[in-house]
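The sequence and structure come first.

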Amino acid sequence: MLRSDVLRKALLFTFAVVIVMILHHFKEEVAACENCKEKEKKAHMGFGTVGEVGHQDYNPMTYLTDWNFSHLPTDQRSKFYKETKLSGGRLLREYWIYTVNKEIEIAPGVFFPAWTYNGQVPGPTIRATEGDLIRIHFLNQGDKPHTMHFHGFHPDSMDGAMPHQFVAPGDTFLYEFEADPVGVHLYHCHSVPLTQHIHKGLYGVYIVDPKIPKKPAKEFIMMLNAFDTNFDEENEVYAVNTVAFYYMKNPIKVNLEDLVRVYVVNIAEFDPINSFHLHANFFYEFRTGTSSTPNSYTDTIILGQAERSILEFKFKFPGQYMFHAHKTEFSELGWMGAFEVLP
Amino acid sequence: MRFYHKTFRKNMSSNLEQVQNINNPEATSKLRFWGNVFLPLILLSLLIIVFLAIGPLGVFKAALPPIEEVSIQRIILQPNEITLKVVNDGPDPVTIAQVLVNESYWKFEMEPSQTLPRLGRGTIKIYYPWVEGNLEKIKLLSRNGITFDAEIPVATTSPSPNLQYLSSFALLGVYVGVIPVFLGLLWLPSLRRLKEKWYSFFLALTVGLLVFLGIESLVEAIETTEKAPAVYQGMGVLMLGFFIAILVLSAFSRKGSLASQEKGESYRKLMLAYSVAIGIGIHNLGEGLAIGGAYAVGEISLGALLVLGFMIHNVTEGVAIVAPIAKAGARLKQLVLMGLLAGVPTILGTWIGGFTYSAIWSVLFLAIGAGAIFQVVFSIMQYMAKPNLGSLFSFTNVWGFLLGLAVMYVTGFFVTI
C-alpha cells in the first residue's frame with residue numbers, strides 16, 4: 001500500500017508539472033482573435049518582399065533608360081563606349097565589355113552569386129542604328145570560358161557560340177559586325193553548360209534603331225529574368241530587370257501625354273513561357289521590333305525564352321497601374337511592377 | 001590511489017620529481033594523479049587555442065559556402081496569421097531574408113532577429129489569408145538563396161490552450177486512453193475463473209500484446225527522429241530514453257521483488273500489474289503526444305472512426321494489466337489506480353502534444369514507453385518461466401503470444417492514419 005501511495009504522489013506531481021507547463025504556455029501565446037478585421041486587412045496587404053535592396057552599382061531605375069553607358073559621367077563613359085563617324089553617316093560604336101563574377105542582390109537581403117557583364121545583371125544595353133559598325137573589346141575576367149553571342153546578322157566567326165570561340169579566363173576577343181536587322185534583340189553568353197551561363201546572369205539587351213527615327217517616346221528597357229537560388233532548376237525569384245518587386249515599390253513615372261515605348265525581352269530560364277500584361281490599357285505589339293506595322297493591339301503577350309517585343313501605349317487616366325506576368329505565379333514571385341501616370 | 005602511485009613512480013625518472021617525492025610523497029602522488037587525469041584535457045585545450053589562432057590548414061581552408069540548415073519546429077495557425085517556430089540546426093549562422101507562402105512572397109516579422117546563430121531560435125509571424133482545409137506551403141529563403149520548406153497538410157486554426165481546447169483534448173484522452181483501459185480491466189472476473197493452463201495462455205497473450213506495442217512505439221520513435229532537428233540527435237535521445245527506461249525499471253523491480261519476498265506471491269503479482277500499468281502509461285503518454293501533435297499541425301483530422309479505432313486498440317491494454325493479478329485478486333481501489341496510471345497519461349500527452357508539440361520530446365517519450373514495455377515483457381516472462389524455463393515455450397504459450405500479436409494487428413486496422 002505504501003508503494004501505491006508513492007505512485008499516487010508521483011501522479012499528482014506529474015499533473016502539477018504539466019499544469020505549470022500549460023500555464024507558462026498561456027503567457028507565451030496570445031490567445032484568440034483580437035482585432036480580427038485589422039489582421040485580415042494586414043494579411044491581404046502582405047504580399048511582396050520585406051525591406052529594400054541595398055545601394056549597389058546597379059540601379060534598376062536607371063537601367064530602364066540606360067544604353068551605351070549613357071548614365072555614366074563623360075570621363076567614365078569614355079572607358080566603356082566610344083563613337084567614331086564613318087562614311088555615309090554611319091557610326092563606329094566601340095564597347096569595352098568584361099565578364100566578372102559578382103554577388104548581386106535580387107530581392108531585399110537575398111544574394112545571388114552571379115556571372116555578369118560589367119558587374120551588372122542584365123548586362124549593359126547596346127544600342128545602335130541600322131548599318132552602324134559595332135566593335136566590342138571583350139575581356140573575360142571570370143573564372144570560366146565565356147562569350148558574347150548576339151542575336152542578329154553576323155559572320156560565323158563573330159557568333160561566339162562554337163567551342164573554339166569560347167574566350168578563356170583572362171583572354172580577350174574583338175567582336176565586330178554591322179547592326180542589322182532593325183529591332184529589339186539580345187546578347188548572351190553561349191559557353192557551356194548553356195543553361196548555367198545564361199541563368200547566372202550573362203545576358204543583355206541589344207537594340208537596332210531604324211535609320212528613320214521612330215516617334216519620340218518615353219522608352220524603357222525591360223529584361224524579364226529569373227533566378228534559381230537553390231539549384232532545384234526552378235526559379236525562386238522572378239523580376240523585371242533583376243530585383244523582385246522593384247518597380248512595385250518604386251513605380252515608373254510617366255506623364256499622361258507621353259507615348260510610352262517598352263523594349264521587353266524574356267530571358268528567364270527553366271520556364272517555357274513568360275508573359276507581360278499591362279493594366280487599364282492596350283498596347284501595340286511590334287514582335288521583335290523588326291517591322292513598323294504592329295502585330296497586335298492587346299494587353300497581354302506571351303514570350304518564350306529570347307522572344308522579345310516593342311510595346312507602344314499611352315495612358316488614358318492618371319494614377320497607378322500595375323504591369324506583371326499574367327503567369328500569376330511569376331508575378332507573386334517578384335515579376336510585378338507599376339507605372340505611375342502623372343496628370 | 002596506491003596503485004596509481006606505484007605505477008607512476010616506475011615511470012618517472014626526473015630528478016626533480018624524485019626530490020619532490022621525498023619531500024612530500026603523499027601530496028605529490030595526488031598531484032600527479034590529477035595531473036595525469038587533466039594532462040590530455042590541457043593539451044587538447046592548447047591544441048584548440050593553437051588551431052583557432054593559426055587557423056585551419058589544408059582541406060579546411062577551402063572557401064566553402066556556409067552550410068545553412070533551418071528546421072521549422074512548429075506552425076501555429078490563427079485567422080489571417082501563421083506563426084513559425086524555427087531553429088538553426090546547422091553549423092553556421094543563417095539569415096532568413098524572405099518568406100514565401102504558396103509560392104508568393106509575403107511580408108513577415110521575425111523575432112528576435114532575422115539572423116539565427118547556431119542553435120538559435122526564432123519566431124516568424126506571417127500575416128497571410130490562409131484558407132481552412134487547404135494545403136499551405138511555406139518556404140523560407142535565406143540570404144544565400146537556400147530554401148527551407150514546411151507544409152501544413154490540412155490548414156485549421158491551431159488549438160490555443162484555452163479551457164475549451166483543454167477540455168476537449170482531455171475528453172479525447174479519456175476516450176482513447178482511460179475508457180478502453182478500464183473496459184479491459186472488466187475482464188478480471190472472467191480471467192479469475194480460468195484454469196492454470198489458460199491463465200498461462202492469457203499471460204502469453206499479454207506478452208504478445210505488449211511486444212507489439214513496444215515495437216510499435218520503437219518504430220514510431222525512430223520515424224519521429226527524422227522530424228527532429230539533426231543537431232538534437234534523435235537517435236541518441238531514443239537510445240538514452242529506451243535504455244534508461246529498461247534499466248531503471250529493472251533495477252526498481254529487482255529491489256521490489258527482493259522486498260516483496262516476505263510479503264508473498266500475491267504481492268509480487270500486484271507489483272507486476274502495477275509495472276505493466278506504468279509501462280503502458282508511459283507508452284500512452286507518447287501516443288497522446290503523437291495524437292495531439294498530429295492534430296495540432298493538421299496532419300490528422302480526428303474523425304469519429306479514428307477515435308473509435310484507438311478505443312478498440314487500447315482495450316487490449318486493460319487485459320495486459322489485469323492478467324498478472326487474475327489469480328491474486330486486488331482491491332477495487334488498486335484496480336482504479338492501475339487504470340488511471342495507464343490511461344491518464346494519454347490526456348497529458350494530448351495536451352502537451354497539442355499545445356507544444358516538439359518532435360524530440362515525442363522521440364524521448366516514445367522511447368521511454370518502448371523501454372518500459374519491454375521491461376514489463378521481461379518481468380512477465382520471468383514470472384511465467386519460474387517453474388522452469390522450458391515451460392515458456394509450450395504450445396499454449398506460443399499460441400497465446402501469437403494471438404496477442406494478431407489481436408493488435410487486427411485492431412490496428414482501425415487506427416491506420
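## Helix packing and chain contact

In chain B, helix α12 (residues 395-412) and α6(B) have axes that come within 6 Å and cross at roughly 40 degrees. The model is a predicted one.

Helix α6, residues 196-225 of chain B, also packs against helix α11, residues 359-384 of chain B; here the axes come within 8 Å and cross at roughly 160 degrees. Because of that angle, α6(B) is roughly antiparallel to α11(B). The crossing of α6(B) and α11(B) is left-handed. By class, the residues of this contact divide into 19 nonpolar, 8 polar and 1 charged.

A further pair is helix α4 (residues 163-185) of chain B with α10(B), whose axes are 8 Å apart at an angle of about 150 degrees. These two helices are therefore roughly antiparallel to each other, and α4(B) passes α10(B) in a right-handed crossing. Residues of α4(B) in the contact include Leu166(B), Phe169(B), Val181(B) and Phe182(B), and those of α10(B) include Leu335(B), Ile347(B) and Trp351(B). The contact of α4(B) with α10(B) has 15 nonpolar and 7 polar residues, and no charged ones.

| Helix pair | Axis distance | Crossing angle |
|---|---|---|
| α6(B) and α12(B) | within 6 Å | roughly 40 degrees |
| α6(B) and α11(B) | within 8 Å | roughly 160 degrees |
| α4(B) and α10(B) | 8 Å | about 150 degrees |

Turning to the chain contact, 35 residues of chain B are in contact with 38 residues of chain A. On the chain B side, β3 (94-101), β4 (104-106) and α10 (332-356) each supply at least two residues. The most come from α10(B), which gives 9 residues to the side of chain B that touches chain A. That side has 19 nonpolar, 12 polar and 4 charged residues.

As for confidence, chain A averages a pLDDT of 91, and 91% of its residues score at least 70. Over residues 27-31 of chain A, pLDDT stays under 50, and the model has 3 contacts beyond four places in sequence for this stretch. Where pLDDT is low, predicted coordinates should not be read in detail.

Note on methods. Residues are numbered from 1 along each chain as its sequence is written. Chains are lettered from A and ligands numbered from 1 in the order in which they are written. This is a predicted model: local features need pLDDT of at least 70, side-chain atom pairs count only at pLDDT 80 or more; totals for chains, interfaces and linings use all residues. Two residues are in contact if their C-beta atoms, placed from the backbone, lie within 7 Å. Helices (H or I, at least four residues) and strands (E, at least two) are DSSP runs, numbered from the N terminus. Ala, Val, Leu, Ile, Met, Phe, Trp, Tyr, Cys and Pro count as nonpolar, Asp, Glu, Lys and Arg as charged, and the others, Gly among them, as polar. Axes are lines fitted to C-alpha atoms, for helices over the stretch in contact, and angles run from 0 to 180 degrees between N-to-C directions. Angles under 35 degrees count as roughly parallel, over 145 as roughly antiparallel, 65 to 115 as roughly perpendicular and the rest as oblique. A crossing is left-handed if the near helix is turned anticlockwise from the far one by less than a right angle, and right-handed if clockwise. pLDDT is the predictor's confidence in each residue, from 0 to 100.
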